[in-house]
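I set out here what I looked up in this structure, entry by entry. The sequence and the model come before the notes.

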Number of protein chains: 4
Amino acid sequence: MSATWGNKLKMTVFGESHSAGIGVVLDGVPAGVKLDLDFIKSEMARRAPNGGEFSTPRKEGDEFEILCGVMDGVAEGTPICAVIRNTNTKSSDYAQLKDIMRPSHADYGYRVKYDGNNDYRGGGASSGRLTAPIVFAGAVAKQLLEAKGIEVVSHISSIGKVKDKKFGVSITAEEINALRGAVLPLLDKSKDEEIRRVIAEARADGDSVGGVIECAVTGIKAGLGDPMFDSIESVLSSLLFSVPAVKGVEFGSGYAMTEERGSVVNDSWYFDENGRINTRTNNNGGVLGGITTGMPVVFNVAVKPTASIFKEQDTVNVATGENVKLSLKGRHDPCIVVRALSVIEAVAALAIYQFVGE
Amino acid sequence: MSATWGNKLKMTVFGESHSAGIGVVLDGVPAGVKLDLDFIKSEMARRAPNGGEFSTPRKEGDEFEILCGVMDGVAEGTPICAVIRNTNTKSSDYAQLKDIMRPSHADYGYRVKYDGNNDYRGGGASSGRLTAPIVFAGAVAKQLLEAKGIEVVSHISSIGKVKDKKFGVSITAEEINALRGAVLPLLDKSKDEEIRRVIAEARADGDSVGGVIECAVTGIKAGLGDPMFDSIESVLSSLLFSVPAVKGVEFGSGYAMTEERGSVVNDSWYFDENGRINTRTNNNGGVLGGITTGMPVVFNVAVKPTASIFKEQDTVNVATGENVKLSLKGRHDPCIVVRALSVIEAVAALAIYQFVGE
Amino acid sequence: MSATWGNKLKMTVFGESHSAGIGVVLDGVPAGVKLDLDFIKSEMARRAPNGGEFSTPRKEGDEFEILCGVMDGVAEGTPICAVIRNTNTKSSDYAQLKDIMRPSHADYGYRVKYDGNNDYRGGGASSGRLTAPIVFAGAVAKQLLEAKGIEVVSHISSIGKVKDKKFGVSITAEEINALRGAVLPLLDKSKDEEIRRVIAEARADGDSVGGVIECAVTGIKAGLGDPMFDSIESVLSSLLFSVPAVKGVEFGSGYAMTEERGSVVNDSWYFDENGRINTRTNNNGGVLGGITTGMPVVFNVAVKPTASIFKEQDTVNVATGENVKLSLKGRHDPCIVVRALSVIEAVAALAIYQFVGE
Amino acid sequence: MSATWGNKLKMTVFGESHSAGIGVVLDGVPAGVKLDLDFIKSEMARRAPNGGEFSTPRKEGDEFEILCGVMDGVAEGTPICAVIRNTNTKSSDYAQLKDIMRPSHADYGYRVKYDGNNDYRGGGASSGRLTAPIVFAGAVAKQLLEAKGIEVVSHISSIGKVKDKKFGVSITAEEINALRGAVLPLLDKSKDEEIRRVIAEARADGDSVGGVIECAVTGIKAGLGDPMFDSIESVLSSLLFSVPAVKGVEFGSGYAMTEERGSVVNDSWYFDENGRINTRTNNNGGVLGGITTGMPVVFNVAVKPTASIFKEQDTVNVATGENVKLSLKGRHDPCIVVRALSVIEAVAALAIYQFVGE
């Protein structure tokens with residue numbers, strides 16, 4: 001363990017893919033805040049599987065019940081518990097997987113850790129399904145941030161080898177709105193078709209493809225973050241790496257900076273005409289020494305290709321001790337990146353609220 | 001804040017670049033462990049500035065005094081406090097920097113956060129000097145890990161655009177020993193000369209250069225790590241991003257995986273001839289679903305070019321409200337990567353001990 | 001906040017007296033433990049209201065649903081969430097209490113803290129009802145402790161001015177069994193009748209009465225507890241004072257020791273015939289310097305009289321700004337002490353597990 | 001462990017009675033606060049041994065060095081580390097005590113916990129000397145509280161069987177000032193002589209005597225404290241029980257309330273002539289349901305007689321396995337209560353700051 005995270009907002013996530021239910025306890029929502037339940041539902045719909053080629057903004061999603069902490073739509077200040085029932089869980093599909101370890105899945109590590117007592121059906125507690133309660137919590141955090149003028153927005157930075165543009169030094173309200181309205185949020189819309197094709201081809205091949213999500217937090221003031229161990233980057237990365245399939249995190253220009261000289265990538269300060277302090281570039285992604293600079297906080301995450309593929313793979317049967325072949329069946333996403341946008345934004349919102357919350 | 005980190009080993013770091021002293025309180029070292037003070041000193045010497053072209057294994061370093069927690073060289077079980085006095089601090093060099101914000105340094109964020117009361121001399125609490133007590137703590141953690149058969153080792157993965165090889169699927173004792181004995185730890189020794197030249201050129205130009213450090217933890221069992229929020233990757237990345245100049249973290253193949261299909265990068269399981277379960281590749285860096293697989297835990301970090309350069313830069317004077325030019329003086333490392341190896345290993349050791357410690 | 005407590009076992013409690021449900025997330029139950037659901041139910045029945053003169057061991061109680069973390073009755077190692085639906089909540093009874101602050105209840109402090117947004121019905125989140133999920137968690141902890149030979153047992157030390165005996169230096173299995181089988185757990189059974197009368201008289205008068213619960217933890221080894229801030233006494237007292245109506249905590253002889261000289265109350269050590277180290281007295285309640293001595297850990301808690309009484313009381317209407325009279329209606333316990341035994345044992349079990357758990 | 005406590009102010013205490021030094025790292029002091037070093041010294045002098053019949057306000061005390069976190073007397077916002085060197089430690093006095101367990105001291109528990117590696121000299125880490133850094137931290141907290149109009153004050157409630165008065169419902173500035181100026185802080189000064197005699201007699205007999213300290217926090221608003229597990233009482237009691245020799249904690253009337261009926265001890269609310277809400281009595285010590293009521297927070301602690309006495313006692317030699325006689329030598333306080341006043345106030349200040357700090 002730990003299933004509990006946070007300080008200003010403390011969230012505790014519970015459940016498994018095929019348990020009776022999953023959910024979250026969210027402690028610290030300020031009393032008196034009117035929760036925008038429609039917004040929460042729409043955020044959860046962005047994440048939910050929907051049968052399309054990838055996630056679409058259709059407003060359908062996991063239905064949640066709020067057990068406590070909210071009265072007449074208003075936060076009471078006490079813990080909010082939201083429960084999502086698991087339905088349509090065809091556990092029988094997973095019977096063959098009890099002893100056969102799916103490659104690049106958590107099956108084997110979990111089996112060792114829990115001595116075989118973990119619920120292996122659908123990945124159990126390691127399932128991407130557990131990001132649903134996180135999106136619930138993140139939607140609340142987003143709402144709290146918006147009241148402070150802080151926006152969290154993301155786009156597909158790449159799918160496979162097809163790359164979108166990167167965020168610029170400043171990010172406009174128009175860009176934010178355009179990304180939010182898009183089925184496939186891209187800064188360079190000309191890449192839309194190519195990305196659809198890459199995903200469709202992976203699907204047709206019974207295979208999967210990965211990608212990169214770039215996320216920005218705008219409207220954030222300078223001076224936030226806590227040295228040494230609660231730096232903006234520490235808190236954000238810690239949560240980002242809790243999201244299944246994330247294998248890399250960069251702030252600003254990240255690895256690209258390592259190839260350059262300081263004189264090229266240092267972000268020069270200047271006073272603009274309004275007397276506001278800015279940097280001419282934002283290679284550091286809005287964070288220096290773990291503290292915000294007042295520029296947008298920009299980071300991206302590497303999302304590996306969906307581990308579940310239909311192609312035959314080599315693996316082991318830990319019960320028999322044999323090397324075996326495995327061909328997965330059922331429904332699998334050929335590309336998890338589109339659905340993951342809402343999850344990355346959710347944890348970004350939760351992480352940032354840690355520094356600006358009451 | 002927070003200056004305190006950890007659970008099994010809890011470390012609290014204090015001090016500023018020009019304060020009377022800096023240090024660490026390390027709580028949780030098991031009673032009865034004989035501390036290898038020579039090893040601690042040699043680790044600190046790897047990190048300490050030494051006037052060479054980059055850090056060498058010369059056994060000189062920050063001298064520490066252990067105030068408590070150790071009796072006759074043996075850990076008592078109670079907190080260990082080690083203090084390093086700051087000497088040779090030419091604070092006058094920094095007088096001009098009180099109001100002039102060094103580009104890509106934490107100066108401005110700190111000034112806003114602490115309302116101008118922070119010690120700006122030498123970067124104050126944001127100084128890389130604060131990694132010295134972390135290396136002290138990491139050296140203790142390394143010693144505790146070694147008693148459990150766990151090794152932490154790193155190499156220079158790249159400096160500027162010059163790239164070393166990556167760790168292979170398995171990492172041998174010979175490789176580990178070779179890296180530990182090297183002034184410039186590289187897997188591909190043929191890159192030694194080129195890397196020295198890149199650093200020397202940056203120095204000659206009054207400029208700096210970045211790089212990537214790849215680190216591996218070997219001898220680690222499957223089943224370690226805690227879902228959801230204390231995954232191996234979450235805990236490691238959180239500490240790694242506390243290290244100044246780190247701007248990216250990848251596990252295993254990281255971003256490279258996002259360009260490939262699942263069928264290409266999924267790590268296949270197999271029983272080897274000894275009945276041990278392995279993967280044929282280690283693209284996931286020894287971690288799946290936040291839990292160790294039993295393969296080496298492999299990650300790398302992006303270290304940006306040293307922010308301090310002698311070349312003239314644009315910046316601001318926050319007292320006068322003017323845009324100004326800045327030319328830094330004094331001693332600066334043209335490349336921090338070599339000295340940072342010991343720091344990355346230190347935080348890796350501390351993070352991993354969290355999962356295997358008593 | 002915080003609704004989350006603990007380390008080895010981490011519990012997160014949620015809900016209000018009149019919300020849809022209340023419950024607990026319990027993280028850290030070791031994988032593979034077969035949960036004794038009947039035992040959990042019987043513990044919850046000890047706490048549940050039952051209409052008798054005080055709590056009886058009738059096996060009726062709050063019905064809970066386990067949403068996750070348990071498969072085929074066995075703990076999976078992942079978080080267990082148990083939900084108890086609130087039923088038979090006559091919220092209308094409480095309409096008059098929205099603005100009238102019940103004396104010695106949390107109403108006013110909560111109203112100020114949550115700016116009037118808290119659910120005031122039935123005391124909301126401050127209701128004693130929230131101890132039900134704690135008893136669930138405590139029952140699990142008790143089961144884990146019993147597997148280690150550790151027993152938690154309590155008795156009524158006093159009701160009003162009627163006093164039971166105190167635990168002796170050693171506590172036998174017979175005493176433990178006798179207390180567990182009793183409707184009114186007393187060491188001196190001769191006080192049974194008098195105590196029943198005191199409670200009955202308070203009830204007849206529309207009044208209430210307090211008491212003291214003495215609790216012991218047996219089978220506990222020496223050397224447990226963590227200086228400085230996680231002493232046995234610190235951790236236990238912190239949880240004990242989370243229980244509504246607890247206003248005092250003593251370890252061993254507590255306040256009585258302050259009236260004596262050291263030579264009288266110091267606990268002398270001796271080797272017994274089996275070479276085991278004991279103390280001749282246990283005035284320190286099994287804890288010295290925050291660490292267990294190997295003697296039973298003994299403490300007691302002061303439980304104030306139930307705040308809810310039928311007698312007319314002076315108070316305020318915060319909406320009108322007037323001083324008013326209040327006569328409460330409905331069902332109220334004349335003495336909460338008997339039901340509180342299971343709660344005190346539950347938190348004791350949770351606190352002690354912190355020091356002996358995996 | 002844990003040697004670290006807190007949230008708004010996080011303190012980490014280190015050291016042993018005979019180590020090179022002891023000290024504290026205090027993280028979270030707001031940047032820009034001018035530290036009143038004279039006040040800190042005077043608080044430490046209240047606690048320090050001074051050779052008198054009990055502690056006097058002579059301004060002598062443990063000398064501390066501030067290593068970092070303060071520049072020109074002003075808090076920088078980063079961690080403050082204060083170190084106190086141990087001097088005049090006659091370790092040879094303790095050679096006989098290595099294997100002989102002092103009754104009612106932590107010796108045996110520590111020896112078991114740390115497997116004999118703990119520094120036994122002078123009680124090592126369990127020594128009352130470790131309260132010196134806590135008083136340092138508490139003095140800072142007091143200063144921060146005073147800026148918010150919050151005062152922490154205490155008096156001797158009893159020594160042996162001699163009892164002072166209790167605090168009334170309201171506590172005046174005059175009372176606070178009188179207590180602060182007194183060598184022996186009593187509400188009923190007529191008890192001064194009797195208390196001196198009780199202590200002197202204990203000293204003359206080579207014995208010791210205990211007592212009770214009552215402490216009040218005034219100027220505190222309603223609505224502070226966090227359900228469930230960070231109630232005012234939980235946080236306060238947790239810290240209070242970290243203080244050596246404390247064996248009981250009561251809030252308000254505590255145990256006395258358990259003997260009364262609800263109608264007698266319930267605290268009635270009323271609006272006073274200024275429209276302020278008060279209670280006519282304060283039996284609940286300013287806390288209901290874990291939340292402040294706006295009345296003074298009042299609690300008391302039981303301090304057992306000093307465990308070290310000169311009279312011969314029975315105990316064990318754990319090395320030889322024999323029951324032995326022990327006669328302690330050296331300097332010992334016949335009554336620790338007077339010196340403990342500053343420690344109790346210190347932890348009260350730290351605990352309360354948790355709820356009002358930035």
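**Chain contacts**

I looked for a contact (heavy atoms within 4.5 Å) between chain B and chain C and found none; their closest C-alpha atoms lie 8 Å apart. I found no contact between chain A and chain D either, where the closest C-alpha atoms lie 8 Å apart.

**Conventions**

I note that this is a predicted model, in which local features need pLDDT of at least 70 and side-chain atom pairs count only at pLDDT 80 or more, while totals for chains, interfaces and linings use all residues. Residues are numbered from 1 along each chain as its sequence is written, chains are lettered from A and ligands numbered from 1 in the order in which they are written, and side-chain values use heavy atoms, with hydrogens and water left out.

**Helix H5 of chain A**

I took helices (H or I, at least four residues) and strands (E, at least two) as DSSP runs numbered from the N terminus. H5(A), residues 192-204, has 13 residues and reaches 18 Å from its first C-alpha to its last, close to the 18 Å expected at 1.5 Å a residue; the expected span is 1.5 Å times one less than the number of residues.

I then asked which residues of H5(A) are buried. They are Asp192(A), Ile195(A), Val198(A), Ile199(A) and Ala202(A). They cover an arc of only 135° around the axis, which puts them on the same side of H5(A); the arc is that of the directions from the helix axis to the C-beta atoms. Glu193(A) and Ala204(A), on the other side of H5(A), are exposed. Buried means under 20% relative accessible area, exposed over 50%, and partly exposed in between (1.4 Å probe, protein chains only). The cover over the buried residues of H5(A) includes strand S8 (151-159) and strand S9 (162-163) of chain A.

**Helix H6 of chain B**

I checked H6(B), residues 232-240: nine of its nine residues are buried, so the helix is largely enclosed by the rest of the structure. Glu233(B) is placed in this helix and counts as buried because its relative accessibility is 4%. Which residues is Glu233(B) in contact with, leaving aside its neighbours within four places in sequence? I listed Phe241(A), Val246(A) and Lys247(A), together with Phe251(B), Val287(B) and Gly290(B).
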